[in-house]
Amino acid sequence: VAKQYGATRTPHVYVLQKEKDDLIVKYIGAIDNNYEDAATASERYVEAAVDALLQGKDVAVASTKAIGCGIKFKK
């Protein structure tokens with residue numbers, strides 16, 4: 001799945017929305033804006049994306065830079 005969606009870091013989050021028979025990527029990137037301490041994050045990207053979709057709205061921030069360890073794939 002990581003290769004299919006293009007994940008390069010862990011965590012590298014994808015928020016998908018089902019539209020008819022397809023899954024559409026609505027958000028891709030970091031969980032929030034503070035990788036060191038989630039409790040002090042001022043922006044929670046995944047939470048905001050899910051909330052927007054549940055309210056039938058567009059995701060305001062659809063992409064951020066994922067911060068974390070690189071994913072290494074076995075050849």
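First, the ground rules. The model is predicted, so local features need pLDDT of at least 70, side-chain atom pairs count only at pLDDT 80 or more, and totals for chains, interfaces and linings use all residues. Residues are numbered from 1 along each chain as its sequence is written, and side-chain values use heavy atoms, with hydrogens and water left out.

Let's start with the overall fold. The protein chain has two helices and four strands. Both kinds of element are DSSP runs, numbered from the N terminus: helices are H or I with at least four residues, strands are E with at least two. From the N terminus on, the order is α-β-β-β-α-β. The C-alpha atoms fill a box of roughly 40 × 35 × 15 Å, taken along the principal axes.

How much of the protein chain is buried? Of its 75 residues, 24% count as buried. Buried means under 20% relative accessible area, exposed means over 50%, and partly exposed is in between, with a 1.4 Å probe and protein chains only. The chain exposes about 5,700 Å². Carbon and sulfur atoms supply 52% of that area. Accessible areas come from the Shrake-Rupley method with a 1.4 Å probe, and for residues only the protein chains shown count as cover.

Now contacts, meaning heavy atoms within 4.5 Å. Take the contacts with a separation of 6 or more: 44% of them are between residues 24 or more positions apart.

Next, helix H2, residues 45-54. Which of its residues are buried? They are Tyr-45, Val-46, Ala-49, Ala-52 and Leu-53. Seen down the axis of H2, these fall within an arc of 130 degrees, so they line one face of the helix. The arc is that of the directions from the helix axis to the C-beta atoms. An α-helix has 3.6 residues a turn, so residues three or four places apart point the same way. What covers the buried residues of H2 includes strand S2 (13-19) and strand S3 (22-29). Just after H2, Gly-56 takes a positive phi of about 75 degrees.

On to the core. A nonpolar core is a set of buried Ala, Val, Leu, Ile, Met, Phe, Trp, Tyr and Cys residues joined through side-chain atoms within 4.5 Å. The largest one has nine residues: Val-13, Val-15, Tyr-27, Ala-30, Tyr-45, Val-46, Ala-49, Leu-53 and Val-59. H2 gives the largest share, four residues. Look at Val-46. Leaving aside neighbours within four places in sequence, Val-46 is in contact with Val-13, Val-15, Tyr-27, Ala-30 and Ile-31.

How many aromatic pairs are there? A search of the whole structure finds two. Rings of Phe, Tyr and Trp (its six-membered ring) pair if their centres lie within 6.5 Å; planes under 30 degrees apart count as stacked, over 60 as edge-to-face, and the rest as tilted. Tyr-5 and Tyr-14 have ring centres 5.6 Å apart and planes at 45 degrees, so this pair is tilted. Tyr-5 is partly exposed, at 26% relative accessible area. Tyr-27 and Tyr-45 form a stacked pair, with 6.4 Å centre to centre and 20 degrees between the planes. Tyr-27 lies in strand S3 and Tyr-45 in helix H2, so the pair ties together parts that are 18 residues apart in sequence. Both Tyr-27 and Tyr-45 are buried.

Now Thr-64, in the loop between H2 and strand S4 (69-70). Is Thr-64 buried or exposed? At 18% relative accessibility, Thr-64 counts as buried. Its side chain reaches the backbone nitrogen of Ala-30 at 2.9 Å. Beyond neighbours within four places in sequence, Thr-64 is in contact with Tyr-27, Ile-28, Gly-29, Ala-30 and Tyr-45.

Phe-73 sits in the segment after S4. Phe-73 touches Ala-2, Lys-3 and Ala-7, not counting residues up to four places away in sequence. Phe-73 and Ala-2 are 71 residues apart along the chain, yet their C-alpha atoms are separated by 9.5 Å.

Pro-11 is in the loop between strand S1 (9-10) and S2. The peptide bond from Thr-10 to Pro-11 is cis, with omega near 0 degrees.

Finally, Lys-20, in the loop between S2 and S3. Lys-20 is not a glycine, but has a positive phi of about 60 degrees. At 77% relative accessibility, Lys-20 counts as exposed.

How values were computed:
Polar contact = N/O pair within 3.5 Å; in protein donor to acceptor, adjacent residues only side chain to side chain.
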